[in-house]
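Q: I have a structure open and would like to go through its side chains. Can we take it topic by topic?

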Amino acid sequence: DTAIDAAKVAIANRGYRSIYSGLDLDGWRASVPGYWYSKDWILQFDGPDGNNGSLTTDELFGNVSFVCDVRLLAQDSNAQIQLRNGSQAIDTERKEIADALQKRGAWNRFEGKLENGKLDLMVNGKTVLRSESISGESSGLCLVPRGKVEFANIFVK
């Protein structure tokens, strides 16, 4: 099933705001222009094999809570959500995170809180990282696909 549960999307009442309009890439910059597409509520990278470009918010974040849904579409697909100028990344290949992922083709909900250099992360409602040290200054939120990957429902507070 590739549908997203509406109860998991409606999080505005928790103080989050969307940073992706669902219409275009305003507020984002692509490392490889011309290969990122806005498909309704989904952000998709459609670059040639071996050319996995990143997409980074223009807005900078210090302490931040975020939500991002990720769908890995192929067996060899992986994704990162980079924080603090890419010095550290939430990587779907990391064991703690990989163990919490749904089967390929299903959506996965990443919900994190970065505060005072410490990251707490839940994947699909399961805590996978607690107080992980993240160094660096404020930066944009950066999405990095490897293979066929989609991102959706990107919120911050």
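Q: Fine. What kind of model is it, and how are residues numbered?
A: This is a predicted model, where local features need pLDDT of at least 70 and side-chain atom pairs count only at pLDDT 80 or more, while totals for chains, interfaces and linings use all residues. Residues are numbered from 1 along each chain as its sequence is written, and side-chain values use heavy atoms, with hydrogens and water left out.

Q: Rings, then. How many aromatic pairs are there?
A: A search of the whole structure gives 4 aromatic pairs. Rings of Phe, Tyr and Trp (its six-membered ring) pair if their centres lie within 6.5 Å; planes under 30 degrees apart are stacked, over 60 edge-to-face, and the rest tilted. One of the pairs is Trp 36 with Phe 151, which is tilted, at 6.2 Å centre to centre and 40° between the planes.

Q: Where do Trp 36 and Phe 151 sit in the chain?
A: Trp 36 is in strand β3 (residues 36-39) and Phe 151 is in strand β13 (residues 149-156). They are 115 residues apart, and the pair links distant parts of the chain. Strands (E, at least two residues) and helices (H or I, at least four) are DSSP runs, numbered from the N terminus.

Q: Are Trp 36 and Phe 151 buried or exposed?
A: Both Trp 36 and Phe 151 are buried. Buried means under 20% relative accessible area, exposed means over 50%, and partly exposed is in between (1.4 Å probe, protein chains only).

Q: What about Trp 41 and Trp 107?
A: Their ring centres are 5.4 Å apart and their planes are at 45°, so this pair is tilted. Trp 41 lies in the loop between β3 and β4 (42-45), and Trp 107 lies in strand β9 (residues 107-115), so the pair ties together parts 66 residues apart in sequence. Trp 41 is partly exposed because its relative accessibility is 38%, while Trp 107 is buried at 10%.

Q: Which residues do ring pairs link into a cluster?
A: Tyr 35, Trp 36, Phe 45 and Phe 151.

Q: Next, Val 123. What does it touch?
A: Val 123 touches Ile 97, Ala 100, Leu 101, Arg 109, Phe 110 and Val 128, leaving out residues up to four places away in sequence. Contact here means heavy atoms within 4.5 Å. Val 123 lies in strand β10 (residues 118-123) and is buried, at 0% relative accessibility. The C-alpha atoms of Val 123 and Glu 111 are separated by 6.4 Å, with the two residues 12 apart along the chain.

Q: On to charges. How many salt bridges?
A: The count is 12 salt bridges, each one a side-chain nitrogen of Lys or Arg within 4 Å of a carboxyl oxygen of Asp or Glu. In one of them, Glu 59 pairs with Arg 17, with the closest N and O atoms 2.4 Å apart. Glu 59 is in the loop between β5 (55-57) and β6 (64-72), Arg 17 is in strand β1 (residues 17-18), and they are 42 residues apart. Glu 59 is partly exposed at 34%, and Arg 17 is partly exposed at 40%.

Q: What about Lys 95 and Asp 99?
A: Their side chains meet in a salt bridge at 2.7 Å, N to O. Lys 95 counts as exposed because its relative accessibility is 58%, whereas Asp 99, at 49%, counts as partly exposed.

Q: Last one. How many disulfides?
A: The count is 0 disulfides, a disulfide being a pair of cysteine sulfur atoms within 2.5 Å. Cys 68 is buried at 1% relative accessibility, and Cys 142 is buried at 8%.
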